[in-house]
Amino acid sequence: MTQTSDAPTGDVTGGGLVLPRYRRDEPGTHPPLLSPGYGSTALRAPQQQPLLLPQTLTEITGPVLGEGRVTAADADLTQYSGGTAQGQRIVVHGRVLDSDGRPVPNTLVEVWQANAGGRYLHKWDQHDIPLDPHFSGVGRTMTDSLGRYRFVTIKPGAYPWRNHFNAWRPAHIHFSLFGRAFTQRLVTQMYFPDDPLFPYDPIFNSIPDAAARQRLIARFDLENTVEEWALGFEFDIVLRGREATPMEES
């Protein structure tokens, strides 16, 4: 769900209540609901033009998620069921920003991904790569006062899917963010630099604008690489506006 007002941030309603409004994303930032190259969108794309519904106080004052619900251990995906996950350990970090480039503090960030061999811990994933008994593939954290987040995980593997002949998905991590309100929710994917599968992936290429696609690719970060332990990748996420991170088309 995204908010589509093109007014600047900080308008007011009656009674002196200040409610946020957000700049419209640039055309081409998000993929169309129907992307012919991505077969399953034909099954779930709306048959009629979506209607823009006015916001109410309910949509712009949640979610309220206390930090007590999320533990530090939730941000380490490499430790599960009494053991350590197999694969290349990585640190994924970045900032969550609003349309004006301001940090979004104390907001929930969730991730899910395939294991090092490219298989999800999900009953519908029957890829013949073995499951890792010590990797659940899911994690969550809260941004700090400066909008920063950090996960420790393993680099996911590419995997085959049945969208077209010899179809493989590039390595990626799914992100879900709630921002300051439900109307800011963003679901997206983070990719890794120089993946050879980019030209062949209809999900990545369903984003019309080439510059917007580049905002889905993390930056290798030597400064946050932990010596002899984990490679670092930086991935900033912008919830709205001209520099918005594109929505996930899945």
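**First stop: charges over rings**

Select Lys-155 and Phe-192: the charged end of Lys-155 sits over the ring of Phe-192, 5.1 Å from its centre. "Over a ring" here means that NZ of Lys or CZ of Arg is within 6 Å of the ring centre and within 35 degrees of the ring normal. Now pick Arg-169 and Trp-161, where the charged end of Arg-169 is over the Trp-161 ring, 5.9 Å from the centre.

A word on what you're looking at: this is a predicted model, in which local features need pLDDT of at least 70 and side-chain atom pairs count only at pLDDT 80 or more, while totals for chains, interfaces and linings use all residues. Residues are numbered from 1 along each chain as its sequence is written, and side-chain values use heavy atoms, with hydrogens and water left out.

**Second stop: an aromatic cluster**

Select Tyr-149, Phe-151, Phe-175 and Phe-235 together; they form one aromatic cluster. Rings of Phe, Tyr and Trp (its six-membered ring) pair if their centres lie within 6.5 Å; planes under 30 degrees apart are stacked, over 60 edge-to-face, and the rest tilted. By that rule the count is 10 aromatic pairs.

Zoom in on Tyr-149 and Phe-175: with ring centres 5.8 Å apart and planes at 70°, the pair is edge-to-face. Strands are DSSP runs (E, at least two residues), numbered from the N terminus.

The cut-offs are under 20% relative accessible area for buried and over 50% for exposed, with partly exposed in between (1.4 Å probe, protein chains only).

Phe-235 lies in the loop between strand E14 (231-234) and strand E15 (237-238), so the pair ties together parts that are 60 residues apart in sequence. Phe-235 is buried as well, with a relative accessible area of 1%.

**Last stop: the sheet**

Switch to cartoon and follow E11 into an open, antiparallel sheet of 4 strands, ordered E7-E6-E11-E12. Strands E7 (138-142) and E12 (186-191) are at the edges with a single partner strand each, so one side of each has no neighbour in the sheet. Strands pair if DSSP finds at least two bridges between them. E6 (residues 108-113) and E7 pair over 5 bridges, and Glu-110 has Arg-140 in E7 as its bridge partner.
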